[in-house]
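Q: Please show me the model, and then let us go through the terms used to describe it.
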Amino acid sequence: MSTRPVWEERPSLPGRLAKGLTLSFIALIVLFPIYIVTLTSLSPADAVNEAGGLVVVPDGFSLAAYRELFSGGVVTQSVLVSLGITAVGTAVSLVCTVLAAYGLSRPGSLFHRPLLFMILLTFLFTPGMIPSYLLVKSLGLIDSYWSLILPGAINAFNLVVMRAFFMNIPEEVPDSARIDGASEFRILTRIVLPMSRGVIAVIGLFYAVGYWNAFFNAILYLNDNAKWPLQLVMRQYVQQGQSLTLGAAVDTSSGGALPPNLAIQMAIVVLALLPVLFIYPFVQRHFTKGVIIGAVKG
Amino acid sequence: MNNSPEGATTSRRGFLGLVGLSAVAVASGGLLAGCSTPAGPRPGSGGATAAALDKLTSLTPAHVPYAGVTPDIVGQNGAPGGFTKYPASLVDAITAKPGKGGHYKAMTPLWGPLPPPLGKNSYFEAVNADLGATIEFNILDGMTIIEKMNAVIAGGDVVDITMIPSWTVNQIPQFGEAVDQLFEDLTPHLQGDAVKKYPMLANIATDAWKWGVFNGKLIGIPGSYTFPMGLILLYRKDLFDAGGWTAPKTADELLALGKEITDPKKKRWAFGDIKLMTYQLFRAPKEWALSGGKLVHRYETPEFEAAVAFMRKLYEGKLIHPDIVGSKGANAKELFKSGQILITQDGFGGWKEMLEQMLPTKPDFWIEGLPHFGHDGGAPGYHKNEEPGQYTFIKKGLGKEKVEEILSLLNYLAAPFGTQENMLSVYGVEGKHYTKTDAGAPKRTDLGLKEAPPTYFFLSGRPDAITESELPRYVETAATWYNEAAKHWAPNPHEGIRIQRPAKYAALEQPTEDKIQDVVRGRRPLSELKQVVEEWRKDGGDESREFYMKVLQDNGRA
């Protein structure tokens, strides 16, 4: 007789089938929107008109939407801006978060309790839009890329997760390094960080996805259109032609540019999805570990 | 000098006073300010908020209609004129260069893809060269303009020229106070005959200019004005002809037609969401009606009740497209274009927009505004958009010389259809941004589509016209349709009066509309409509009535 508890028994065939079907169904729910968005972006204008919206059944193939997107220079520029902000922002955020989390994870560090309290407070109270704007303005950051990075450089949730991970490292490890004469900075860079690759990858991913997807700060703080990130440029494409349905009485009878068809809108959605889609698999193996640490320690 | 009209005294404070709350508001100003509803100014913040239409005329510029261009179908009763053929030669309306070499930043919203910026955009360069000055655009995301303008106004960060849609103006808290501090008072430059220095601005109707008056000063330059139809009913004329259906003349006919058309097996439904137009077919007031010396709200009228009952029948009969029924964000335009919906409610601009989109690939596609009818075979009561669509403001403190230069630039950009200035600022350079069709109408090139979205066009106002002469059949149908529509405006006792809606009243609207929607969609019995209206009255409707009555009294209309 097996001594394994019941939940560790080899599942029955029907059980496995049911599980497989459920998981396949969930996967389909996730994949289907991606499928129709990609398909619509690759469909010719006629097919989109015929379908009366998103294309579900393939009807012709056309790269016109993608050609159209990259021909004006605006989208290309915004992709570069987004990549730059994501790279620099993630680096800045990781450095700040690692330094803060390490400091706050050492029980004896100066003011660590009041500092932690202040950081945790931001979970409960977020600054309003106008105060944030006034702060960014008074720092002289309006129209600067830094306005997209500095206000959210440290995310309290990420900091707490990382601090929990650092606290999990036995105190004996840094202590032994101290005996060997290592400075705190050396302990952090040579001992703690190499032991924390998983959490850094996960938090880095959180930050990177956050920076890549962010658009609202750009709406508020950037007036110069050449500095707009991809997500904001994307919004402009996707919402084209909606002024009238909004009931806005703004007159658009200037014979202005025709709305791009749905294909272009979907092409830009695909474009915005791609980087995240590509990066995720590489960081995935660290993911569970990092998230669990955040869940059980605080 | 105090230009504030005598009648402009009904304010939020007045409203609070009316409901016996003003003492509380004054005593706890800070507290109330901290937790007031987001829309509208703080209670007790004072300031004139109900401008008296009848006393504004002295502030507005003289109206000198521009006679250089005449439409083929003349607009009547305030309807826009129509040009069935493109003017053979364009009028050179402004001979001297308006600019003096200045460089100005301009903020305008855009509901579409960004054009390449100045320096990489040949359209901007061409227009700026003709202007004799540089206008550099900071384009705003149209969908979030309220958030952005809230921040910009709070931070006092306005640029030299700022265009703000009127619905945004009305949703920015304390705009009435900020407008004085941030934007130039144009009264000395434009009042009365002074405007004659800027003949294209003088061509804008006086009714539009009245809305540009804030706090007794002429501050905003009104944008387009002559498309007062907010929403219209569009129908698929091509499919009607093919199906042998004729346009209805009564609500009963509309219902019967809907049943005949709807055939889910053929993926064909009669209607999209046509609720707001149904109110107008039943002649329910836009907001308030004056009846026997008393104000009656739309919700309280039998016409409204009948309209709700009618809409309910459409839902019960499953005559509305299931995507519209099921999701708030269903794209009615796409469903209408693909023939899954045959009658829909859309903006007037949607008419030509859809024709332009569909005709190149589907030459048989044809839509029209549904011929005018009231529910009983009489006339409809259309809800008029009185306020201009947008305002342009000039930053305060730039100095007389710069303000005059900007006004000259805006005068140039106000040149109407049929002038060279309008053609260049809307379409760009011939051969580069547009080519001419055989009929002489401009057709945008790929470069034009990319580089020249509505930007300069948004910076100034002009009497608009129906100008798509490349579609003469559309121009003729639409202009004739509009001339007829303009005979059927629903009376509005508050016409032309700028009123800041009391926060309590504004906050009441959405919950009430949600309840009404429940009745319309059959989630609540029709008999509960009376209860919904009763709740509305109790929760602030009756208080608002007093406020709106006082507005009328202040303006000598009651």
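Q: What makes up the contacts in chain A with a separation of 6 or more?
A: Residues 24 or more positions apart account for 73% of them. Two residues are in contact if their C-beta atoms, placed from the backbone, lie within 7 Å. This is a predicted model, in which local features need pLDDT of at least 70, side-chain atom pairs count only at pLDDT 80 or more, and totals for chains, interfaces and linings use all residues. Residues are numbered from 1 along each chain as its sequence is written, while chains are lettered from A and ligands numbered from 1 in the order in which they are written.

Q: How do you know how many helices and strands chain A has?
A: Helices (H or I, at least four residues) and strands (E, at least two) are DSSP runs, numbered from the N terminus. By that count chain A has 14 helices and 0 strands.

Q: Which residues of chain A carry the annotation "transmembrane region"?
A: The unreviewed UniProt entry gives that name to several spans, including 79-103 and 187-212. UniProt positions are given in the numbering used here, feature names are shortened, and annotations may be inferred rather than shown by experiment. In the model, residues 79-103 of chain A are 100% helix and 0% strand, with end C-alpha atoms 36 Å apart. For residues 187-212 of chain A the figures are 96% helix, 0% strand and 32 Å.

Q: Why are strand 10 and strand 11 of chain B called paired?
A: Two strands pair if DSSP finds at least two bridges between them. Strand 10 (residues 288-291) and strand 11 (residues 294-297) of chain B have 4 bridges, in the antiparallel sense, so they count as a pair. A289(B) stands opposite V296(B). The hairpin has 2 residues between the strands, and G292(B) takes a positive phi near 55°.

Q: What makes strand 9 and strand 13 of chain B edge strands?
A: They belong to an open sheet of 4 strands with the order 9-12-8-13 and mixed pairing. Strand 9 (269-271) and strand 13 (368-369) each pair on one side only. Strand 13 pairs with strand 8 (residues 232-235) of chain B over 2 bridges, in the antiparallel sense, and G369(B) is the bridge partner of L234(B).

Q: Which members of the largest nonpolar core touch the most others?
A: A nonpolar core is a set of buried Ala, Val, Leu, Ile, Met, Phe, Trp, Tyr and Cys residues joined through C-beta atoms within 7 Å. A residue is buried if 20 or more other C-beta atoms lie within 10 Å of its own. Among the 127 residues of this core, M162(A), V233(A), L201(B) and L410(B) touch the most other members. Apart from it lies another core, of 69 residues, among them M229(B) and F271(B).

Note on methods. Buried ≥ 20, exposed ≤ 12 C-beta atoms within 10 Å, placed from the backbone.
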